[in-house]
Amino acid sequence: MTTPPPVLPQPGLLGPVIVTGDTDRQTSLFTRAFGLEVHSVTRRTARDSERIWSVGLPALETTLMTPGTRSGIRLLEFTPSSTAVARGPENGDAKDAFKVIDFYCPDPERVEHRALELGARKLRPTSRYDLDGWSFSETHLWIDDGVVCALCSGDPVQFRQYVTMTDRDVSEVMSVSAPVRDPADARWFYLDVLGLNKVYEYAFADESFQSMVGLAEGHGIRAANYGSRLAEPYIGIIDYGRGARDVSLRGVRPPTRGLVACTIAVPSARDAVRAARDASLPALEPAEEEIPPFGRVTSALIESPNGMLHHVVSPPGP
């Protein structure tokens with residue numbers, strides 16, 4: 001019997017990839033505090049990891065999914081585990097690396113309480129700001145491996161524009177954001193190389209938000225978001241402007257721990273690699289791989305002009 005090709009969502013973000021030093025702790029936090037479920041556990045050989053991640057180490061890959069959605073989080077634990085962590089509070093405003101996984105929470109205080117009991121840390125007070133005439137709150141929690149999770153809250157009617165799961169304690173992954181040095185390069189990469197859409201952009205200045213992310217007061221931020229449509233998970237590219245130090249984390253790679261990559265659905269991984277190489281961007285050779293939860297797909301690792309890694313997947317084919 002011929003195995004049918006995987007059914008992938010429309011081109012866009014499928015979820016973040018976290019390299020962890022402790023899969024059990026990360027799994028406990030994301031399942032008990034954020035409502036994801038363990039979908040599958042895959043053991044990668046050193047040869048597998050070299051082909052997929054350019055890392056010659058065996059790895060444990062755990063796929064966590066939000067029930068009722070096709071988005072989730074991939075956890076990678078290499079053996080031996082690295083002691084290096086990409087991002088921490090001391091470089092929270094550094095650019096050119098993924099930083100925050102955003103979730104919508106109708107009752108963020110309850111989720112915060114659960115997460116803190118499981119070892120998360122809240123470094124600064126919750127930010128409350130207005131955007132496009134709506135009031136929002138946003139709490140940043142630091143978890144293991146220097147990963148930041150944002151609990152975003154506000155009018156549930158408003159958030160139905162951004163997520164499909166609004167009746168649970170925590171939505172699916174709403175977005176993964178990254179501050180970058182060059183937003184124009186990011187825009188070109190997501191539109192022309194990966195074939196995504198710009199689904200939303202905004203700008204605002206708020207002192208409580210500046211304080212929460214560790215920026216100087218008096219400078220606003222700008223953001224552009226790329227995906228398939230606004231109600232599906234998307235990549236958020238952040239321009240912190242003059243309020244940020246000129247510090248870059250460019251070149252974050254596994255097995256360094258942290259939010260090291262994102263999984264992106266594209267129409268054709270092979271076409272995306274060709275477009276990247278035509279633009280002199282680093283890209284691994286496409287290969288057919290078993291990538292839960294989608295089964296056998298064509299995948300490839302592509303580096304953006306800002307130095308961030310994107311593991312693109314598409315149905316298998318020439």
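**The strand pairing**

Mentor: Let's begin with strand β15 (residues 296-303) and strand β16 (residues 309-314), which pair in the antiparallel sense over six bridges. Strands (E, at least two residues) and helices (H or I, at least four) are DSSP runs, numbered from the N terminus, and two strands pair if DSSP finds at least two bridges between them.

Trainee: Which residue in β16 is the bridge partner of E303?
Mentor: L309 is the partner of E303.

Trainee: Before we go on, what am I looking at, and how are residues numbered?
Mentor: A predicted model, where local features need pLDDT of at least 70 and side-chain atom pairs count only at pLDDT 80 or more, while totals for chains, interfaces and linings use all residues. Residues are numbered from 1 along each chain as its sequence is written, and side-chain values use heavy atoms, leaving out hydrogens and water.

Trainee: Ok, what's the strand order in the open sheet of eight strands?
Mentor: The order goes β2-β3-β4-β1-β13-β16-β15-β14, and the pairing is mixed. The edges are β2 (37-44) and β14 (287-290), each pairing on one side only. From one strand to the next the twist averages 30 degrees.

Trainee: Which helix packs on the sheet, touching β15 and β16?
Mentor: That's α7 (residues 269-278), with its direction at about 15 degrees to that of β15. Axes here are lines fitted to C-alpha atoms, for helices over the stretch in contact, and angles run from 0 to 180 degrees between N-to-C directions. Contact means heavy atoms within 4.5 Å.

Trainee: Switching topic: which strands pair with β12?
Mentor: Strand β9 (residues 173-179) pairs with β12 in the parallel sense over five bridges, with G236 as the partner of S177. Strand β11 (residues 221-227) runs antiparallel to β12, again joined by five bridges, and there A224 is partnered by I237. A hairpin of six residues joins β11 to β12.

Trainee: How many residues of β12 are buried?
Mentor: Five of the six residues in β12 (234-239). Buried means under 20% relative accessible area, exposed over 50%, and partly exposed in between, with a 1.4 Å probe and protein chains only.

Trainee: And the largest nonpolar core, how many residues?
Mentor: It has 52 residues, and those with the most contacts inside it are F30, F34, F103, Y190 and L194. Apart from it lies another core of 26 residues, including W142 and Y234. A nonpolar core is a set of buried Ala, Val, Leu, Ile, Met, Phe, Trp, Tyr and Cys residues joined through side-chain atoms within 4.5 Å.

Trainee: How many aromatic pairs are there?
Mentor: The structure holds 14. Rings of Phe, Tyr and Trp (its six-membered ring) pair if their centres lie within 6.5 Å; planes under 30 degrees apart count as stacked, over 60 as edge-to-face and the rest as tilted.

Trainee: Why is the pair of Y104 and F159 called stacked?
Mentor: Because their ring centres are 4.4 Å apart and the planes are at 25 degrees. Y104 lies in β5 (residues 100-104) and F159 in α4 (residues 156-159), so the pair ties together parts 55 residues apart in sequence.

Trainee: What about F159 and Y162, stacked or edge-to-face?
Mentor: Edge-to-face, because the centres are 5.7 Å apart and the planes at 70 degrees. F159 is buried at 2% relative accessibility, and Y162 is buried at 6%.

Trainee: Last one: how much of the protein is buried?
Mentor: Of the 318 residues, 58% count as buried.
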